[in-house]
Amino acid sequence: MTDMRLVVVGAGGRMGSTLIRAIRETKGCVLSAAIERENHPQLRKDAGTLAGTQPLEVPLTCDALTAFAKADGVLDFTTPAASVAFAALAAQARLVHVIGTTGLSEADMAKIRAAARHAVIIQSGNMSLGVNLLASLVKQAAAALGAEFDVEVVEMHHRHKVDAPSGTAYLLGEAAARGRGIELSAHSVSGRHGHMGERREGDIGFAALRGGSVTGDHSVIFAGPRERLTLSHHAEDRSLFASGAVRAALWGRGKKPGLYSMADVLGLPG
């Protein structure tokens, strides 16, 4: 089989550069296009050079439509609005679309699910093996410990992160909710401030910390009446998310259209 031709959208940013390096380091795939917004100052410059590798003869461009028509897959860590638009284009081109964008609303997800009727879409709040293993453990712990254990999700990221709580925090909260057999939307509590009253039984709390250059720390705390269990993951380099995204794209090649998760890619129980 020929190498999988991958497009990186948001290629001029930090994560875009990391994705380009991950593609170059992975057998079975090649960078076919690098996409950025129309007014990006680095347009037409070599994507490899911008990513800190050798020149790849792939210029940074804003023409996503043409790029998608010549590709097999797209790696997308951009913004919710951009990811929804790219999902529609990927559906038209029948591409594998890997979405690592965080901050997606339910309305955004509805549009992505619609696009997944025509394309393979792999969407996750976190592309790392460790985090997805953690989510599986969180689900098991939530089911085993029962409602007398309060669940709190605590996360910390670098000072430049714009959304909170993180997509990974929600991924872990969803895992806990599934373990309890409840809907997260009805039991989620974040940003506590002032006189809140007593904690409601069954709530899943979120706390978001921001500062410095932290790549990503996540802990799920199960606080019981006489004991406390903490399950944690610490990301040390954003390259682990990029390598996971490339792995997901390669896994998705040849699959039937649908919305998949990293649990599917890794063969983990949902």
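Trainee: What makes strand S7 (residues 150-157) and strand S9 (residues 204-210) a pair?

Mentor: Two strands pair if DSSP finds at least two bridges between them; seven bridges join S7 to S9, so the two strands pair. They run parallel, and the bridge partner of Glu152 in S9 is Gly205. Strands are DSSP runs of E with at least two residues, helices are runs of H or I with at least four, and both are numbered from the N terminus. This is a predicted model, in which local features need pLDDT of at least 70, side-chain atom pairs count only at pLDDT 80 or more, and totals for chains, interfaces and linings use all residues. Residues are numbered from 1 along each chain as its sequence is written, and side-chain values use heavy atoms, without hydrogens and water.

Trainee: Why are S8 (188-190) and S11 (228-235) called edge strands?

Mentor: The open sheet has the order S8-S9-S7-S10-S11, with mixed pairing. Strands S8 and S11 each pair on one side only.

Trainee: What makes strand S1 (residues 4-9) mostly covered?

Mentor: Buried means under 20% relative accessible area (exposed is over 50%, partly exposed in between; 1.4 Å probe, protein chains only). Five of the six residues of S1 are buried, so the strand is called mostly covered.

Trainee: How do you know that S1 pairs with strand S2 (residues 29-35)?

Mentor: Six bridges link S1 and S2 in the parallel sense, and Val7 stands opposite Ala33 in S2. S1 also pairs in the parallel sense with strand S4 (residues 73-76), over four bridges.
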